[in-house]
Amino acid sequence: TPTERPLRKPAWIRARTHGSPEVQRLKRVLREQNLHTVCEEASCPNLGECFGHGTATFMIMGDICTRRCPFCDVAHGRPEPLDQNEPENLARTIRDMGLRYVVITSVDRDDLRDGGAGHFVSCIRTTRAHNPEIRVEILVPDFRGRMDVALAILDEAPPDVFNHNLETVPRLYREARPGSDYHWSLNLIRRFKERHPHVPTKSGLMLGLGEEIEEVEAVLRDLREHGCDMLTLGQYLQPTLHHLPVKRYVTPEEFDRLADVARALGFSQVASGPMVRSSYHADQQAAGVIAE
Ligand code: SF4
Ligand code: SF4
């Protein structure tokens with residue numbers, strides 16, 4: 001049970017908006033197809049902007065996760081079996097929504113022998129078949145215990161951008177990412193990059209969970225040493241009072257300073273700001289780094 005009173009939100013944290021008629025239309029398409037977007041489920045404040053640009057983040061393989069990260073609002077439990085129609089539904093929905101850039105992500109599926117890699121590949125293939133111009137970024141779980149098999153499967157249809165979030169600094173893993181391992185996650189990024197040197201790799205952190213700025217800088221160095229090209233840094237927001245509290249609101253100036261540090265370390269794309277999410281402006285971030 002929470003004991004600390006939530007901090008007051010500073011002015012730079014925007015509230016969510018309901019969006020334009022176009023956003024409403026896209027939401028209807030999603031309801032008809034029974035698909036989940038992170039944009040809606042997380043009440044992402046950038047939704048109007050992203051949908052308006054033809055970008056959305058889909059959550060595949062259901063909405064029940066086998067892990068329980070105390071910052072995350074996704075339900076925990078035993079997931080449903082995979083929906084074999086999902087790749088086709090997803091691909092048609094992307095077409096009907098007129099999207100140009102999609103991020104496909106999933107809950108952790110520690111119950112599946114390949115961690116869900118095969119379903120990711122089906123979704124990438126079918127999405128491209130129905131949307132020849134589309135760019136597909138995947139934001140993957142850590143495939144813990146299944147890295148070899150998952151990487152071999154992803155070789156069959158590599159994405160345009162490979163994203164795996166470290167989420168926080170290693171000292172806070174036990175509290176914030178139980179079931180995950182900092183070095184395992186770093187190695188996932190490194191090993192994907194070794195297999196696909198031309199596919200940009202990407203990672204991100206949420207700030208405000210109690211990390212020190214020096215710890216964040218150390219993570220940025222680790223990411224570069226493990227072949228990570230692109231970076232997102234955003235403010236952690238507490239989804240409900242039962243989730244980890246916000247320890248601190250990092251100022252826009254601090255986000256700017258960290259972006260400078262990241263660029264100096266050699267990240268080719270950096271998005272850093274209070275409202276930045278892993279998929280925020282994903283299309284624009286990728287525009288400069290995807291090989292034609
Ligand atoms: Fe969706 Fe990501 Fe944009 Fe939020 S930032 S609306 S989750 S694509
Ligand atoms: Fe949420 Fe991902 Fe953790 Fe599952 S593994 S609880 S979806 S952050």
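**Close-up views of a predicted model**

**View 1. Cysteine 123 is buried, with a relative accessible area of 0%.** The model shown here is predicted. Which cysteine sulfur is closest to that of cysteine 123? The answer is the sulfur of cysteine 39, and the two are 16 Å apart. A disulfide needs two cysteine sulfur atoms within 2.5 Å. The sulfur of cysteine 123 is therefore too far from that of cysteine 39 for a bond. How many disulfides does the structure hold? The count is zero.

**View 2. Eight strands form an open sheet.** Read across the sheet, the order is β1-β2-β5-β6-β7-β8-β9-β10. The pairing is mixed. Strands in a sheet pair through backbone hydrogen bonds, and the pairing can be parallel or antiparallel. Which strands stand at the edges? They are β1 (36-37) and β10 (269-272). Each has a single partner strand, so one side of each lacks a neighbour in the sheet.

**View 3. Strands β5 and β6 pair in the parallel sense.** β5 covers residues 101-106, and β6 covers residues 135-139. Five bridges link the two strands. Follow two residue pairs across them. Valine 102 has valine 136 in β6 as its bridge partner. Isoleucine 104 stands opposite isoleucine 138, also in β6. Is β6 mostly covered or mostly uncovered? β6 is mostly covered, with four of its five residues buried.

**View 4. Cysteines are among the residues around ligand 2.** The shell holds Cys65, Arg67, Cys69, Phe71, Cys72 and Asp108. By class, four of these residues are nonpolar and two are charged, with no polar residue. Take one of them, Cys65. Is cysteine 65 buried or exposed? Its relative accessible area is 10%, so cysteine 65 is buried.

**View 5. Ligand 1 has its own shell of residues.** Around it are Cys39, Cys44, Asn46, Leu47, Cys50, Thr57, Arg277, Ser279 and Tyr280. How do these residues divide by class? Five are nonpolar, three are polar and one is charged. Look again at Cys39, one of the residues in this shell. Its sulfur is the one closest to the sulfur of cysteine 123.

Conventions:
Residues are numbered from 1 along each chain as its sequence is written. Chains are lettered from A and ligands numbered from 1 in the order in which they are written. This is a predicted model: local features need pLDDT of at least 70, side-chain atom pairs count only at pLDDT 80 or more; totals for chains, interfaces and linings use all residues. Side-chain values use heavy atoms; hydrogens and water are left out. Buried means under 20% relative accessible area, exposed over 50%, partly exposed in between (1.4 Å probe, protein chains only). Two strands pair if DSSP finds at least two bridges between them. A residue is near a molecule or strand if one of its heavy atoms lies within 4 Å of it. Ala, Val, Leu, Ile, Met, Phe, Trp, Tyr, Cys and Pro count as nonpolar, Asp, Glu, Lys and Arg as charged, and the others, Gly among them, as polar.
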